[in-house]
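Q: I am new to this structure and would like to go through it step by step. Could you begin with any term I shall need?

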Amino acid sequence: MALELFDSKAQELRAFTPITPGHVSMYVCGPTVQSAPHLGHLRSALVYDILQRWLSASGHEVTMVRNVTDIDDKVLVNAGNRDWREFAKEVEAKFDDAYAKLSLREPTHKPHATEHIDDMVALVQKLIKLGHAYQAADGSANVFFDTASWPRYGELTNQKLENMEGETDASHGRKSPNDFALFKAHKPEEPETAAWKTPWGLARPGWHIECSAMAKHFLGESFDIHGGGLDLRFPHHENELAQSSAAGDSFANFWLHNALVTINGNKMSKSLGNGVSVEQLTEAGSWGAIRYWLSSAQYRSNLDYSESSIRDAQAALDRIVGFLKRTTNTRRVEVDFDFIPLEFKEAMDSDLNVPGALAVIHERVRAGNTAFDGKDEAKLSECVEQVKAMMAVLGLTFAYQEPLYTEEFSKQVEDLIQKRHEAKMAKDFARADEIRVELEELGVTLNDMKDITMWSFNG
Ligand SMILES: [Zn+2]
């Protein structure tokens, strides 16, 4: 079976084939850096990190773009009296910090909206030329997308233009309340640094246009996968698709949308006071446990947070990590994806069924523990390699790689084990016992298998 993904535009599972064989191009809507990340941001970024890892593990080269919206109404408002650019950088650093702690891979490109104003201007000029955008009738630098000129408008979310409500504030020179801003005229009360010279006057970009322009800049007129949270489907992604296709680009081949995070079954919102802070999470468990929990629901299902979520995830993760620590002599980093079990592949290929994939890991851990107790070295070694490969695909390797001891220590232990083995061969059991005691004093527990001796460090 090959990878199937749920294309939310087609509203069905489709077999995934990249446009260029062996190479996958992905665009994921990144954060608007207006306030610190919440659980929804972390989950969304993680979903596409796992997809990227699975595509890589299945032999694809992946180019991933995740943008940063560093100019926006809310960035300017939340910056207050501060320089909005400095404020935006500070918030971006909070996102980067959380992403790094969750062990997310760096995207191939991480463009900022403010770095691509020229690309956006070029795209808007093209839309105007083709009759799909217009400068406001009031002569301001407001530029709008002309939804009435684009019969396909609404195709992503399967809506008809005549049934849409549009912006309640239909002014600023719009022809229709459904028309959305491509560029927003500079307002005198806004800082001058937040305005760029455009052919229509001083203005800043609307939100949607940046993703169309940056996706084209890095991935070209068509690419494989566009990802983002369900909350971005309308209007953001609908508008991205309208802009890009009206400009003649085929844009994304697959649209993926991840569901949201709920808190005790309720929608997460600041007004309800149910937002969960990063501090609350780290008090309940490690970053490995947080990552484990965030990936534990299939991405199209809501993920519900409750008081015990992280604790339970930590317990589940500890069972896996405990097995690896008990049975792995050295913290060998190399992972061989050939060891990935078929059931795990099938789960991941089935629209990224991560809960199913986690179940396979736990099943292999149980089999490995049985092999360990039964001194079945071949079986044990296979289970260890399988678990390591699967953990790597899910990006959980960091959860068991905190350096517990140095390489020198590891070598010292291996040497002592070798000497103990030699003493036993020479029937010098007193000497062999002395060495075992010496190792115990170093915090090392020995497990004699049939042919080899395994050790673990309880440091
Ligand atoms: Zn976007």
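This is a predicted model: local features need pLDDT of at least 70, side-chain atom pairs count only at pLDDT 80 or more; totals for chains, interfaces and linings use all residues.

Q: Which domains does the assignment give for the protein chain?
A: The assignment gives domain 1 (20–258), domain 2 (270–400) and domain 3 (407–457).

Q: What separates the centres of domain 1 and domain 3?
A: Taken over C-alpha atoms, the centres of domain 1 and domain 3 are 60 Å apart. The C-alpha trace of the protein chain spans about 100 × 50 × 40 Å along its principal axes.

Q: How many helices and strands are there in the protein chain?
A: The protein chain has 14 helices and 16 strands. Of its 459 residues, 41% count as buried.

Q: Let us turn to helices. At what angle do H13 and H14 pack?
A: Helix H13 (residues 407–425) and helix H14 (residues 429–441) pack at about 160°, and their axes are 7 Å apart. Angles over 145 degrees count as roughly antiparallel, and H13 and H14 are therefore roughly antiparallel to each other. The crossing of H13 with H14 is left-handed.

Q: Which residues meet there?
A: On the H13 side they include Val413, Leu416 and Ala423, and on the H14 side they include Phe429, Ile435 and Leu439. The residues of this contact divide into seven nonpolar, no polar and six charged.

Q: A new topic: is alanine 181 buried or exposed?
A: Alanine 181 counts as buried, because it has 22 C-beta neighbours inside 10 Å. Alanine 181 is found in strand E7 (residues 181–185).

Q: And which residues does alanine 181 touch?
A: Leaving aside residues up to four places away in sequence, alanine 181 touches Asn142, Phe144 and Gly206.

Q: What about the backbone: is the peptide bond from phenylalanine 234 to proline 235 cis or trans?
A: That bond is cis, with omega near 0°. Proline 235 lies in helix H6 (residues 233–246).

Q: What is the phi of glutamine 11?
A: Glutamine 11 has a positive phi of about 60°, although it is not a glycine. Glutamine 11 lies in the loop between strand E1 (4–7) and strand E2 (12–15). With 9 C-beta neighbours inside 10 Å, glutamine 11 counts as exposed.

Q: And where is lysine 375 found?
A: Lysine 375 is in the loop between helix H11 (354–373) and helix H12 (377–393). Its phi is near 55°, a positive value in a residue other than glycine. Lysine 375 counts as partly exposed, because it has 14 C-beta neighbours inside 10 Å.

Definitions and conventions. Residues are numbered from 1 along each chain as its sequence is written. Helices (H or I, at least four residues) and strands (E, at least two) are DSSP runs, numbered from the N terminus. A residue is buried if 20 or more other C-beta atoms lie within 10 Å of its own, exposed if 12 or fewer, and partly exposed in between; C-beta atoms are placed from the backbone. Axes are lines fitted to C-alpha atoms, for helices over the stretch in contact, and angles run from 0 to 180 degrees between N-to-C directions. Angles under 35 degrees count as roughly parallel, over 145 as roughly antiparallel, 65 to 115 as roughly perpendicular and the rest as oblique. A crossing is left-handed if the near helix is turned anticlockwise from the far one by less than a right angle, and right-handed if clockwise. Two residues are in contact if their C-beta atoms, placed from the backbone, lie within 7 Å. Ala, Val, Leu, Ile, Met, Phe, Trp, Tyr, Cys and Pro count as nonpolar, Asp, Glu, Lys and Arg as charged, and the others, Gly among them, as polar. Domain bounds come from an automatic or database domain assignment.
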